[in-house]
Amino acid sequence: MAKPSAERNPGTAWTLDRARALFQQPFNDLLFDAQTVHRRHFPANQVQISTLLSIKTGGCPEDCKYCPQSIRYDTGLEKQALMPVEEVVEAARAARARGATRFCMGAAWRRPKDRDIDAVIERVAAVRDLGMETCLTLGMLTREQADRLAGSGLDYYNHNLDTSPEYYSEVITTRSYEDRLETLANVQQAGMKVCCGGIVGMGEKRDDRVGLLVQLANLSPQPQSVPINQLVQVKGTPLDGSDPLDPLEFVRTIAAARIMMPKSVVRLSAGRTDMTDELQALCFFAGANSIFYGDKLLTTDNPEAQHDRQLFERLGLAATADGDPVQLA
Ligand code: SAM
Ligand code: DTB
Ligand code: SF4
C-alpha cells in the first residue's frame, strides 16, 4: 500500500502550506492517513497513561490568559506553597496503585530559583524510588538547571509552545516565544526527553493551529511527547467565554499532529471533561495515544478514573507503560 502523502518525504521540514493542505483534506482521508501512520509506528490499541500533580499552586507572576494560576486573575484559587516530600510520595504511590507509571509534577513558577531546583530534585528522587517515570513542568530553565535536573534522573520536561508565533502575544505577554524555544533547547541539550505541545480553543484561527504544529514538528528532534490541550475555560481568566472549538476541528488537529510527528506520543490532554466519549474515541482513532488518568489535572477536573476505565473497556483499548500492559484501578 502506498504511504500516506505526508510520509512520502521523511526528513523534509514542514512548511505552513504543506500543513495547511493536510488539515484541509476531507475528514475521512485525513483520519485514514492518520490511522495508517499511527499503525506504522505504534500498537493500534494501546494508550499510555500519566498522572498529574500540582506541587506548587497559584501565585504565578505570568499573565497566560488561559491560566487559573496567574496572580493577575481572580479565579478563587487557593495558593499553596511547595508540597512536602511525604505528600508528593503519597500521591505518587496512590497513582501507581491505580496503574499510572509516569508521574508529572507541575509548579506555577515563571522560572524556578536554584534552591527550588534542589527541593524539586528531592521530590523527583522520591518518586523514582517508587519505580515510576518522572516528568516536571516548572517554567523556564537555564542550561545549568536543565543539566542538574537531567543529572537527577528526571525523564521528561514539559514546556509548551502553546500556540502559533503569530497568535502568541494575544495570549501571553510576560515571556516570549523565543524564551520558550530557548528552554526547550536547554532541556534537549541536557539529554532529557521533551514534552511539548499547546492549547487549542483559545479563539485562534485554523492557521494558528497549523502554525503551532509546524513549530512543533520542526523541532529537532521532534518532541517525544506532544500534549494537545483543549482550553479549560476557568471563570476569572481572560479567555473564559471564548467561542468553543468545533469538535471535528479538534480531531483534525490531533490527526495532523499524528501525521506530522509520526513517532511522538500524542497526548489527548486537558479538556476531556468537555468532550463526549464519541469525540474522544475519534481522537484515539486519529492517533492520540496518551491521556492523563486521575480525577484532577493540575487545578481543574479530569474525567473520573472509573469513567476512563469504562471507556477503555468499551473501545478495547489497553493502558500501557513503555509498551507493557498495566492494570487500571
Ligand atoms: N508554569 C509552568 C509553565 O507555564 O510552563 C508549568 C505549569 S503550566 C500550568 C503547564 C501548561 O498547562 C501550560 O503551558 C498550558 O499549556 C497548560 N494549561 C494551563 N492552563 C490551562 C487551561 N486552562 N486549559 C488548557 N491548558 C492549560
Ligand atoms: C500540559 O500540556 N497539560 C497539563 C500538563 N501539560 C502540565 C496541564 C493542564 C492544566 C489544565 C489546567 C489546570 O488543571 O490547572
Ligand atoms: Fe504561570 Fe504556567 Fe499558569 Fe503561565 S501557565 S500563569 S507560567 S502557571
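**View 1. Ligand 3 sits in the largest cavity.** The model is predicted: local features need pLDDT of at least 70, side-chain atom pairs count only at pLDDT 80 or more, and totals for chains, interfaces and linings use all residues; side-chain values use heavy atoms, without hydrogens and water. Residues are numbered from 1 along each chain as its sequence is written, while chains are lettered from A and ligands numbered from 1 in the order in which they are written. A cavity is a set of points, on a 1 Å grid over the protein atoms alone, where a 1.4 Å probe fits but cannot get out. A molecule sits in a cavity if more than half of its atoms lie within 2 Å of its grid points. Around ligand 3 are Cys60, Glu62, Cys64, Tyr66, Cys67, Ser70, Ala108 and Arg175 (a heavy atom within 4 Å). Five of the shell residues are nonpolar, one is polar and two are charged. Here Cys, Tyr and Ala are among the nonpolar residues, and Glu and Arg among the charged ones.

**View 2. Glu62 lies in the loop between E1 and H3.** Glu62 counts as buried, at 2% relative accessibility (buried means under 20% relative accessible area, exposed over 50%, partly exposed in between; 1.4 Å probe, protein chains only). The C-alpha atoms of Glu62 and Ala318 are separated by 38 Å. Along the chain these two residues are 256 apart.

**View 3. Strand E2 (residues 102-107) is mostly covered.** Six of its six residues are buried. Arg102, Cys104 and Gly106 point one way from E2; Phe103, Met105 and Ala107 point the other way. In a regular strand the side chains alternate between the two faces of the sheet. Helices (H or I, at least four residues) and strands (E, at least two) are DSSP runs, numbered from the N terminus.

**View 4. E2 pairs in parallel with E1 (residues 46-56) and with E3 (residues 133-137).** Strands pair if DSSP finds at least two bridges between them. Six bridges join E1 to E2, and Ser50 has Arg102 as its bridge partner. E1, helix H3 (residues 85-97) and E2 form a right-handed β-α-β unit. Right-handed means that, with the strands pointing away from the viewer, the path from the first strand over the helix to the second runs clockwise. Five bridges join E2 to E3; Met105 is partnered by Leu136. Helix H4 (residues 114-128) carries the chain from E2 to E3 in a right-handed crossover.

**View 5. E8 (residues 265-268) pairs in parallel with E7 and with E9 (residues 290-292).** Four bridges link E7 and E8, with Ser225 opposite Val265. The chain passes from E7 through H9 to E8, a right-handed β-α-β crossover. Two bridges join E8 to E9. Leu268 stands opposite Ile291. E8, helix H10 (residues 277-285) and E9 make a right-handed β-α-β unit.

**View 6. Lys235 is exposed.** Its relative accessible area is 67%. Lys235 belongs to the loop between strand E7 (225-230) and helix H9 (247-260). Lys235 and Gly211 are 28 Å apart in space, C-alpha to C-alpha, and 24 residues apart in sequence.

**View 7. Backbone details at Pro221 and Asp162.** A cis peptide bond joins Ser220 and Pro221, with omega about -5°. Pro221 is in the loop between helix H8 (206-217) and E7. Asp162 has a positive phi, near 70°. Most residues other than glycine have a negative phi, and most peptide bonds are trans. Asp162 lies in the loop between strand E4 (156-158) and helix H6 (168-171), and counts as buried at 2% relative accessibility.

Technical notes. On a 1 Å grid over the protein atoms alone, a cavity is a set of points where a 1.4 Å probe fits but cannot get out, and a pocket is an open set with protein on both sides within 12 Å along at least five of seven lines; lining residues have an atom within 4 Å of a point.
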